[in-house]
Amino acid sequence: MEATSDMLPLIVALPFLGALLPGIVIRAGRDTCTWFTLFPTALALLMLLLHAPGVMAGEVYHWRLDWLPGLGLDANFFLDGLGLLFAGLILGIGLLIILYARFYLSKNDPMGQFFTYLLLFQGAMVGIVLSDNILLLLIFWELTSLSSFLLIGYWNHLPEGRQGARMALAVTGMGGLAMIGGMLILGEIAGSYDISVILQHKDAIQASDWYLPALLLILLGCFTKSAQFPFHFWLPHAMAAPTPVSAYLHSATMVKAGLFLMARLWPVLSGTPEWFYIVATTGLITMVIAAVIALFKDDLKGLLAFSTVSHLGLITMLLGFGTEAAALVAVFHIINHASFKAALFMTAGIVDHEAHTRDIKRLGGLRHLMPVTFVIATITALSMAGIPPLNGFISKEMMLKETTYAAWAGNPWLVPALATFGALFSVAYSFRYIWHVFMGPVRDDYPARPHDPGFGMWAGPALLAAIVVGIGVAPFVVEPFVNVVAGAVTGAPQDTHLKLWHGVNAALFMSIAAILGGALLLASHRALEAGWLRAGPPAAKAIFDAIVGAATRAARGLTDGLHDGSLTRFSAIFVVTVTLAGAIAWSTGEIGAPSRATLPIAIVPLIATVLLVGATLCLVAFHRNRLLALVLIGVVGLTVAVGFAYFSAPDLAMTQLSVEVVTIILLLLALNFLPRETPRESSGARRLRDGVLAVAGGGAVAALAYAMMTRDFALPSISSYHLANSYKGGGGTNVVNVILVDFRGFDTYGEIIVLGIAALVIFALTQTVLRGAGGRFLESQGRPGGEAGDRHPLMMVVATRVMMPMALMVGVYIFLRGHNEPGGGFIAGLIVAIALLMQYMASGFAWAEARQRVPYHSTIALGVLIATATGIGAWFNGVPFLTSAHDYFTVPGIAELHLSTAVAFDVGVFLTVLGAVMLALWSLSRMARRTGEPVNVEPMDVNPAADAASSREG
Amino acid sequence: MSHWIIAPVLLPAIIAGLLVLSMRHHLGLQRVFSLGGAGVLVAIAMGLAAQAASGAVGVYELGGWPAPFGIVLVLDRLSALMVLLTTVLAVAVLLYAIGANWDARGAHFHALYHFQLMGILGAFLTGDLFNLFVFFEVLLIASYGLVIHAGGARRMRAGVQYVVYNLLGSTLFLFALGTLYGVTGTLNMADMAERVAAIPTEDTALLRVGAVLLLSVFAVKAAILPLHFWLPETYAAAPAPVAALFAIMTKVGAYAILRVDTLIFGPDVTATAGILSGLLLFTALITLAVGMIGILGADGLGRLAAFATVGSVGTLLAGLALFTPETTVAALYYTIHSTLAGALLFLVVDMVRERRGAAGDALVSAPPIAAGGMIAALWFGAAIATAGMPPLSGFVGKLLILDAVRGDDWMWLIWTVVLASSLLAILGLAQAGSQIFWKTTEPAQVAGDAPAEAPPPLALPAVAAFTLIGAIVGLTVFAAPVVAYLEATAGQLYDPSDYIAAVLGPEAPEIPPAPDGTGEGAPTASAAPQDEGGA
C-alpha cells in the first residue's frame, strides 16, 4: 500500500528550520530558548505520529522531488515501520533530552548554540531514517558526523572534548567516505538510488561481481558509525560531550544509524555467507570485547559507553544472522536498549551534576542521598543486565535463543558460548553500576553534597524507566509495533508473539548462567581489576593518536620537504619535466626529412653567432660581477638587433635597439641599489647539476628550432594573407606595422597594457618598499660611494639640451612614417623616452621633473584610454573593435598625407610606452633620493651662467 | 553588430584607465567606480551567458579581419560560464577587499584588480592562441602587482618566485606557439583544429612537441604537479583577497587545457593521440594527493588554503583527464564549486589572520578572536565546502566525478584517491579549525592603560563571505539546471564543428599563394608588396 504524504519533508525540515531559532532566542532567556527548541521537535513528532495509524495498517508513505535526476540524487522520502520506529526514537527521546539539557547545562554554557547544534543533528538524523534515496541518505549521514563533531566539541575548552570530536569525525568520516563508494556501486547494480527500488533487486545485487565491494564499503560506513570493533574506540572518547549529547547521540540515536542502515538494506544485502561472517562475527566480537572493557571502566559514562558498544554489537550480530526471527529480535532490542540506555546516561549525568564526579571509585552509598535517581538507575540497569520482568530480559532471552541456531563455520557452540560470555560481563557491569555507585556506605568525601535534582531533570529518565517496566511486564503492548517494524526490515509480514516467559529452554539456562556468573565477577572485581591493569590492554586512543600524529608529521614533512621555497630547485624540476615531456612527445611522433636546404655560412652571421655565443659564455663565467653581466647582456641584445636588420626586419631591429637602450639604462639605475657582486651560494655539485640541466634544456630548444627551421610549414601559412592585404586592407605598406596595429592590433593593445601595468607595479612596489623596512634600509645605507665628482657635467647638460628637440623630431618622424616604413608608436615612444631620459641623466631627475607638467600615471592611462577609444570608435561605423578606417588628406603647403585611424591607436601606444618608461624611471629616482641624493637647484653642478649672475649681483 | 562579447575585456581596461587617470588620489571614488564596474561586468556576463545558453557560438572579429587572419573572440557556453563565474567572484572579493581595507594598503589596488580581470576574461574569450599568450601576460603582470600589494618581506620573496616561475612558463608558451605555428601555419584555434586534423604524418613529431609544450604551459598555470611549485607560497603570502581572486587563476589553466584538448588536439585526432590524457590523469591524481596531504601538513591557515587550491585543481583535472562528456560535466561543476569555495576559504583565513595579531594564521594557540562565533561558523562552512562534505556543492561535485569515471579502467584508482584524500582534508581542516577556534589561550590581560586594538570592520567582509556561501548553496540547490547547462556545454565541446564553422565561416578560408622567395630562408617581415601601392 502506497500513499503520498506532503508532511514527510516537513518532518525532516522542521528541526533544520528550528535550528535557526535557539541561537537567537537565547537572548530572551534560557526557558524561552528551551521552548523554542521543544516546539519544532514536538511539532515534527506530532506530524510523525499522525502517520502512525497508517503505518501500523501497513501503509507506506512517499514523497518525492527531483533534485539532480541526472545523477540519481533526488529528495525522495518514505516512511514505513522502520522509519517510524527510528524517527519516533529520535524525536521522542529528543524531547526528553532537550528538557533534561535545560537543567543540565550551567549558566556559563552557551545554551543557544547547544540547542542549535542539537536540532541540526536531529534534522540530519530524521533525514537518514526517512530518506528514500541512498545518495540523499549519504548527505544526512555526513551531516550527523558534522553536527556531532560540534556537539562533542561543545566544551571546547577541554582537550578531551576537542580530541574526542576530531576522533569521532575522523572515524565516522572515513566510514562515510567509504560508504559513498559503496552506495554508488549499489545504485549502479540496482539501476536506481531509490531505496524502495533497490529493495526490489535482491537477486541482481547478490549475483553481481560488485556485491562484495559494495557490501564491504557500506559496512565500513555502518561499523564506524555504530562503533563496531575495531572502530569502537571513538565512542568512549566522544563521551567528553555534555551528558545530554552522550545520551542522545551516543546511545539512543546516532550510533544506531549504522544499525538502521544495515536493517534498511537487510533484505538485499543479508542472507549470504559474506554477510553472515562479516556482520555477525563483527557484532559478536564487539559485544564480547566491549562488555569486558566496560566492567573495568571507572568513569560512569565510560562504562555506559562501552556497554553501548557491546549492545550495538549484539544488535549487529542479530542482523548478521540473516534470519527473519533474529531481525525481529534486533528490532525489539533496539527499542529496549534505547529506553534503558538513554535513561542510564541521564542518571549518570545526574550523579555527575550533583556529586561533581563520575568516578565510580569516588562514589557509593548514593541510595540514601538520591533515592529517586537510585530507583530509576536500578530499574534501568537491571534491564540492561537482563533481569526479569524488565524489557531487557525479554530481548536478551530471545537473542540468546537465536544464537543457538547460528553455526559458525559448522561449529554450533561457538556463538552461543561467546554470547553467554558477553552477557555475563554485561550482567557484571550492570550490577556494578548499581552496587558501586548507589550501594555501600554513605561517604563523606564527595566533591559536592549529592541530592536528587529537580523534577525537570529526572522526569525524562523516570518516564523511560516506566516504559522499561511497562514493556517488560506487558510486552504484548508493543508486539504489533515490533511486528510491523520487523516486517519493514525483512520485507515479509511478521507475526511473533512477545512474552516474558519462554519456558525452560537453552536460553533460560544461558541467562541464569550469565546472571550468576556476572554476580560472581562483580564480587571478585577488585582482583580482576588488578589483573586487567597489569595486562595493560592496548589503549585505542594512543594508537589512534599515534597514527594521526604520524600522518600529520609525514604530511608536514612531505609538504615542507617538497615545497622548500628553493627557486632554483623549482626551476630545475620545471626544466627536467618540460624537456622530458617534449622528448617523449617527439619520440612518439614521426618526422620527415628536412624540406628546406640549409644556407651557406656567410661571414656576417658567423660573426654574430660567435658574438652571441661568446657573450653568453662570458656571462655565465662573469655573472657575479653585475655591471659586467649587464654589459654582456647588452652585447647579446645588440647582436640580436643586428640580426634583425640583417634579415630585413628593420622594425624589429629598431624596436630591439631602443628597448635595449631603455632597459639597460633602467637596469643600471637599479644596480645602484644592489651589491656589486652576486654572492656565491651554490655548491660545486649544485652548479654541475644546474649546468647539465641548462645544457640539456638549451640543447632541446636548439634542436627544436633547428628541426623547425629546416622544414617548411606543413600547411600553407596565413602570413601570405597579411602580405597580400597589408596595403589594400590595412592602409600601410609596412606589413610589420600593419600587423602590429591592425591585423593583430588587439595583441598590441594587450601588450601596451602589460607595459603600463608593469610601470604601475613598479611604482606601487617602490612606494611600499620605501614606506617599510626597505626605505629605512636605504636611508641607513646612504648614497653609494665612488661617484664622479661632477655629477651633472656642463658638457653633457648642454649636449642633451641640443639633442632634445632633435630627438623629439626623430620621434615624431618615426611615429608618422610607421605605417609605411619602419617605425610606429612603440618605437617612437621609446625614442622620446630616451630623449627625456637624457635630460634626467644630465641634470638629475628632480630638476627635470619639475620642468614638465604631465604626470606619468596620466600618460599611461591616457595611452590606454586613447587606444581603447580609437578601437571603440569603429563601433560607430558598425564594425568591430579596432577596425581601421583610412583616408588621404592634403595638408596645404606640405604634402598629401595618408591618415588612418590606426594612427590614433598608435598615439595610444606611444603614450603608454612613454609613460611606462618614465614612471619606472621616476620610481627608481625616488629610491635614489631616499638614499640622500640631493635635488638640484641648478641644471648643472658648475653653472657658468648662474655663477656669472651671482657675481654680478655680488 | 553586437559588441557585447568584447565588453568584458574593454570595460575593465577602461575602468582601470580611468582609475589611474583621474582618481588615483581618491580611494573613495576608486572604490565606487571599481565596485560599480565589477557589478556591470556581472550584468554583462549574465547577458552573455543567456546568449550562449541558446547554443549559438558568438564570434567577434577584431579589426574586421576574418579568421584565421585576424584575432577573434569566441563566446560559447564554456567561455560564457567562465566569464560569469569570474565576474561573480570578482564582486564578492572586491567587497571584501574594500571592507577589510586591503585596497588602502598599497597603491593602485583597484587598477591592478581590473587589469587582472581584463586578463582573465580575455583569456576565457579569445579564440586565438597568441592572443591567449597576450592575456596570460596581462594577468601575470597584474597578478604580480597584486601579490606584492601591501609589501612585506615574505610577500616580496613569494612574489619574485611567482613572477620568475611564470616567466619561465611564458617563455615556454612562446616556444610552444612557435612550434605550432611552424607546423600548422596558423594561430587561430579553430583554424588550427582543422589543420591539425589534416597534418601529414611526417610532421607529427613537431606537432606533438608543440602540443605537449603548450599543455605544460597550461599545467603551470593550473598548478599541476610537478609544475605547481609557484603556487603554495604565493597564495599563502599574497593578500587574502588577492589569493581569493586567484581561485579563478588556476582555472584559467584548466580551462585552456579543456579548450585546447577538445578543440584542437581532440580525442579523435590521430596525430596527437594518446599524449595528453594518459599523462594528465596520473599527474592530476598526484596533484590531488599532494594538495590534500598539504592540507593536513600545513602549519598555517594560509598554506592550508593554498594546498586546498592545489587539491581542488587535482580533483577537477582527475575528472577532466578522461575527456568524455560526462567527466567534463563533472569537472566543470567542480570547477565552479572549487572556485567559490577556494575564495571563501581565503577570505575566512584572512578574517582570522587579521584578528590574531602576532599569531597570524599559524596553527598555535592564541587568545580567542573577536567575533569568533561568526568567523568560526564561516570557517565551518568553508571547510565543509573545501573537503567536499555534504550538504554543500563540493559533495555533489565529487559524486558527479565519481559517477562519471565509472566504467573507466582506472575507476578504482580514481575513487580511492578522491575518497582517501577527502579524509586527509577532513582531518587537516578539523585539526586546524579546532586549533584556531577551540584551543584558545586565556585572553591577554591588558594592563589597563593600553586599549585593545580595535578589530578591523567585519560588516562588508561578512557580506562578501555570505555572498560566496550563498552562491555555493545556490549551486547545490539548483544543481539540476546547472548540470543541464554543463551537459550542453560538454556537448558543444565534444562536437566542435559548430565552433569551427562559426569562426571560420561556412567555407574554408582562402589563403593567397605565398609570394616568391619564401622557402629560401628569406625574411617575410617587411617585404611589403610595394607594387600594390598604386592600385
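This is a predicted model: local features need pLDDT of at least 70, side-chain atom pairs count only at pLDDT 80 or more; totals for chains, interfaces and linings use all residues.
Let's start with the contact between the chains. Together the two chains bury about 11,800 Å². Carbon and sulfur atoms make up 75% of that area. Who loses the most area on the chain A side? Three residues do: A:Phe574, A:Ile718 and A:Phe746. Together they account for 6% of what the chain A side buries.

Now the polar side of the story. Across the interface, 26 residue pairs are in polar contact.

Next, salt bridges. Over all chains, the count is 25.

A:Glu188 and B:Arg406 meet in a salt bridge, at 3.2 Å from N to O. Where do they sit? A:Glu188 is in helix H7 of chain A, residues 159-190. B:Arg406 is in the loop between helix H16 (393-404) and helix H17 (411-438) of chain B, so this pair joins two chains. Are the two partners buried or exposed? A:Glu188 is partly exposed, with a relative accessible area of 48%. B:Arg406 is buried, at 18%. The cut-off for buried is under 20%, so B:Arg406 falls on the buried side of it.

Here is another one across the interface. A:Asp560 pairs with B:Arg303. Their closest N and O atoms are 3.4 Å apart.

Now stay inside chain B. B:Arg259 and B:Asp76 form a salt bridge at 2.8 Å, N to O. How far apart are the parts they tie together, in sequence? The answer is 183 residues. B:Arg259 lies in helix H11, residues 249-263. B:Asp76 lies in the loop between strand S2 (72-75) and helix H3 (77-99). Both partners are buried: B:Arg259 has a relative accessible area of 3%, and B:Asp76 has 2%.

Over to chain A. A:Asp690 and A:Arg689 meet in a salt bridge at 2.9 Å, N to O. Here A:Asp690 is partly exposed, at 25% relative accessibility. A:Arg689 is partly exposed too, at 31%. Chain A also holds a network of salt bridges. It links A:Asp298, A:Lys361, A:Arg432 and A:Glu529.

A:Ser383 counts as buried, at 1% relative accessibility. What does A:Ser383 touch, leaving aside neighbours within four places in sequence? Its contacts are A:Phe340, A:Leu390, A:Asn391, A:Gly392, A:Phe393 and A:Val468.

Last stop: an annotation. An unreviewed UniProt entry places a domain at residues 70-115 of chain A. The record calls it "NADH-Ubiquinone oxidoreductase (complex I) chain 5 N-terminal". What does the chain look like over residues 70-115? It is 63% helix and 15% strand. The end C-alpha atoms of that stretch are 37 Å apart.

How values were computed:
Residues are numbered from 1 along each chain as its sequence is written. Chains are lettered from A and ligands numbered from 1 in the order in which they are written. Side-chain values use heavy atoms; hydrogens and water are left out. Buried area is the accessible area (1.4 Å probe) that two parts lose on being put together, summed over both. A salt bridge is a side-chain nitrogen of Lys or Arg within 4 Å of a carboxyl oxygen of Asp or Glu. A polar contact is a pair of N or O atoms within 3.5 Å; within protein, one must be able to donate a hydrogen and the other to accept it, and residues adjacent in sequence count only if both atoms are side-chain atoms. UniProt positions are given in the numbering used here, feature names are shortened, and annotations may be inferred rather than shown by experiment. Helices (H or I, at least four residues) and strands (E, at least two) are DSSP runs, numbered from the N terminus. Buried means under 20% relative accessible area, exposed over 50%, partly exposed in between (1.4 Å probe, protein chains only). Contact means heavy atoms within 4.5 Å.
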